[in-house]
Amino acid sequence: MAGNEKPITNNCNFSSIKPAIMELPYPPIQVKERNGNYADLLSIDYCGAVSEMSSITQYINNENRLACEKCPIAKTILGIAMAEMIHLQMLGELIYLLGGNIDFTARQNNGKIKMWTPAYLTIPENAKKMIWADIEGEKAAIKQYKMHIHMIKDDYVNHVLMRIIKDEEYHIMLLQALMEE
């Protein structure tokens, strides 16, 4: 670098960011018994098209693209991504305890196995569309979790999913507040 040139920097400091979660404890990660069908359902939540893996990746992409110009929005989005990482970790533990595989493939009842892909992501061109896509993603996740709760007859698993839903609803509230700013 020549003598007078200043480096280009991002002045957005993320060191104090914490996961955007409800101030409620998570239930213990446990299952009633091994159940491959339940593990397969959770694999969809783990890494399907509508999944924690997809939302983490989409949020991190959005945060990276907004950090230099829209720091407060980027900080909120990073906090949400961190919460989704916690959800991914809990789902991975549940899948393992249920006897399933944690290998970034979503296993569906019809026998189809789909590996996670970034093609599942929505990558809008501006902040407002990013936030809107994130809200829609949270709504789809809640709908899918509720469907899986009705299919899973294990109260231990369902209590974890219900607690995750509370965080997803909180994320919608945070994202809607960003839309109003």
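This is a predicted model: local features need pLDDT of at least 70, side-chain atom pairs count only at pLDDT 80 or more; totals for chains, interfaces and linings use all residues.
I take a polar contact to be a pair of N or O atoms within 3.5 Å; within protein, one must be able to donate a hydrogen and the other to accept it, and residues adjacent in sequence count only if both atoms are side-chain atoms. Residues are numbered from 1 along each chain as its sequence is written, and side-chain values use heavy atoms, without hydrogens and water.

Entry on Glu-84. I found Glu-84 in helix H3, residues 71-97 (helices are DSSP runs of H or I, at least four residues, numbered from the N terminus). Its side chain makes a polar contact with the side chain of His-171, at 3.1 Å. I looked for a salt bridge (a side-chain nitrogen of Lys or Arg within 4 Å of a carboxyl oxygen of Asp or Glu). Glu-84 has none, though it is buried (under 20% relative accessible area, 1.4 Å probe, protein chains only). The nearest side chain of opposite charge, Arg-163, is 9.9 Å away. Lys and Arg count as positive, Asp and Glu as negative; His and the chain ends are not counted.

Entry on H2. I listed its buried residues, among them Glu-52, Ser-55, Ile-56 and Tyr-59. Glu-84 touches these four residues (contact means heavy atoms within 4.5 Å). The buried residues of H2 pack against H1, H3, H4 and H5. At the start of H2, a side-chain oxygen of Ser-51 comes within 3.4 Å of the backbone nitrogen of Met-53.

Key
Helices (H or I, at least four residues) and strands (E, at least two) are DSSP runs, numbered from the N terminus. Buried means under 20% relative accessible area, exposed over 50%, partly exposed in between (1.4 Å probe, protein chains only). Lists of a residue's contacts leave out its neighbours within four places in sequence.
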